[in-house]
Amino acid sequence: MQVIIRDSKAAATELAAAIIARELRRRPNLVLGLATGRTMESLYARLADLHRTDGLDFSLAVTFNLDEYIGLPPEHRNSYRYYMNQHLFHKVNIDIRNTHLPNGMAEDIAGECRRYEETILDFGGIDLQLLSVGASGHIGFNEPLSAMRSRTREKALTPQTLAQNGPLFDDPSEMPRRAITMGVGTILEAERCLMLVTGRSKAGVLAEAVEGPVTSMISATALQLHEHCTVIVDEAAAAHLENKDYYRWIFDNEPEWKAFREMDM
Ligand code: GLP
């Protein structure tokens, strides 16, 4: 795992967008795993900018989202399909047929989860998985005690997650109590993971995710087991990290980050 600390949310977002853009230019048919939530909104806005101003091309890209609420149709403004259309898919030149989310309206949810896993495999697996972390420590909707080897499945949401995401609904009591989510095992099979975490409210959970012991109580700690995971944070989210100087030293010295150090951010 590598942790990169940027001065501001804007700079952290800019770096994450630059990494994605570089991967997409290298591999135009990139299989990109996508996340939702407030953190991702500015990242998608930046990717849409890069499409508009620099011609960043999504025409051959394929996407798989981490999760979807059970019981919300795609046109519901709180469904993750709606979120993705609004924040990214309708703003870039992606072929909408190449964008995949679990179907939260499926009659056979277990069958839908199996189908989702098979579709990911049909595309050769996920090349780059974007992630953030929820207040409960979840990645996707892998709530506490999600098995490290779990696959795409139905999960009950914790009261903490209901409290975190409920305010996004016109009537918070309408928020579904269950969701379909890729499993921790599914996420760990991505070739590369890129986690973006910003804001003071995430400082505690971020420190546990990065520097705490690996535990299924905090699914984000599973990323410590991943071979190529980059965690980008702003100063506010980094507040409780113990080894900040080491992380800064890595970013300032490792050749891998040279092109990004020289970026105008
Ligand atoms: C939702 C998603 C998670 C995401 C989280 C972060 O719960 N299921 O994948 O990490 O939101 O939300 P925010 O960025 O709003 O803090």
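User: Leaving aside its neighbours within four places in sequence, with which residues is tyrosine 44 in contact?
Analyst: This is a predicted model, in which local features need pLDDT of at least 70 and side-chain atom pairs count only at pLDDT 80 or more, whereas totals for chains, interfaces and linings use all residues. Residues are numbered from 1 along each chain as its sequence is written, and side-chain values use heavy atoms, with hydrogens and water left out. Contact means heavy atoms within 4.5 Å. With its neighbours within four places in sequence set aside, tyrosine 44 is in contact with Leu34, Ala35, Tyr83, Met84, His87, Leu88 and Leu130.

User: Which residues touch the most other members of the largest nonpolar core?
Analyst: A nonpolar core is a set of buried Ala, Val, Leu, Ile, Met, Phe, Trp, Tyr and Cys residues joined through side-chain atoms within 4.5 Å. Buried means under 20% relative accessible area, exposed over 50%, and partly exposed in between, with a 1.4 Å probe and protein chains only. The largest such core holds 79 residues, and those that touch the most other members are Tyr44, Leu47, Met195 and Val233.

User: Which helix gives the most to this core?
Analyst: Helices (H or I, at least four residues) and strands (E, at least two) are DSSP runs, numbered from the N terminus. The helix that gives the most contributes nine residues and spans 9-26, which is helix 1.

User: Which residues does the second core include?
Analyst: In soluble globular proteins, nonpolar side chains tend to be buried together. The second core is separate and has five residues, including Ile70, Ala106, Ile109 and Ile180.

User: In what order do the seven strands of the parallel sheet stand, and which are the edge strands?
Analyst: Two strands pair if DSSP finds at least two bridges between them. By this criterion seven strands form an open sheet with parallel pairing, in the order 1-10-9-6-2-3-5. The edge strands, each pairing on one side only, are strand 1 (2-6) and strand 5.

User: What angle does the direction of helix 7 make with that of strand 10?
Analyst: Strand 1 and strand 10 (residues 229-234) pair in the parallel sense over five bridges, and isoleucine 5 stands opposite valine 233 in strand 10. Helix 7 (residues 203-211) packs on the sheet, where it touches strand 1, strand 9 (192-197) and strand 10. Axes are lines fitted to C-alpha atoms, for helices over the stretch in contact, and angles run from 0 to 180 degrees between N-to-C directions. On this basis the direction of helix 7 makes with that of strand 10 an angle of about 155°.

User: Which residues of strand 3 are buried on its two faces?
Analyst: In a regular strand the side chains alternate between the two faces of the sheet. Strand 3 (residues 62-65) is covered on both faces, the buried residues being Val62 and Phe64 on one side and, on the other, Thr63 and Asn65.

User: Which residue in strand 5 is the bridge partner of phenylalanine 64?
Analyst: Strand 2 (residues 31-34) pairs with strand 3 in the parallel sense over four bridges, and glycine 33 stands opposite phenylalanine 64. Strand 3 also pairs in the parallel sense with strand 5 (residues 99-100), over two bridges. In strand 5, the bridge partner of phenylalanine 64 is histidine 100.

User: What is the average twist from one strand to the next in the open sheet of three strands?
Analyst: This sheet has the order 4-8-7 with antiparallel pairing. Strand 4 (67-69) and strand 7 (153-156) stand at the edges with a single partner strand each, so one side of each is left without a neighbour in the sheet. From one strand to the next, the twist averages 30°.

User: How is the pair of tyrosine 69 and phenylalanine 141 oriented?
Analyst: Rings of Phe, Tyr and Trp (its six-membered ring) pair if their centres lie within 6.5 Å; planes under 30 degrees apart count as stacked, over 60 as edge-to-face and the rest as tilted. The structure holds eleven aromatic pairs. Because the centres of tyrosine 69 and phenylalanine 141 are 5.5 Å apart and their planes stand at 45°, the pair is tilted.

User: Is phenylalanine 141 buried or exposed?
Analyst: Ring pairs link Tyr44, Tyr69, Tyr80, Tyr83, Phe141 and Phe169 into a cluster. Since its relative accessible area is 1%, phenylalanine 141 is buried.
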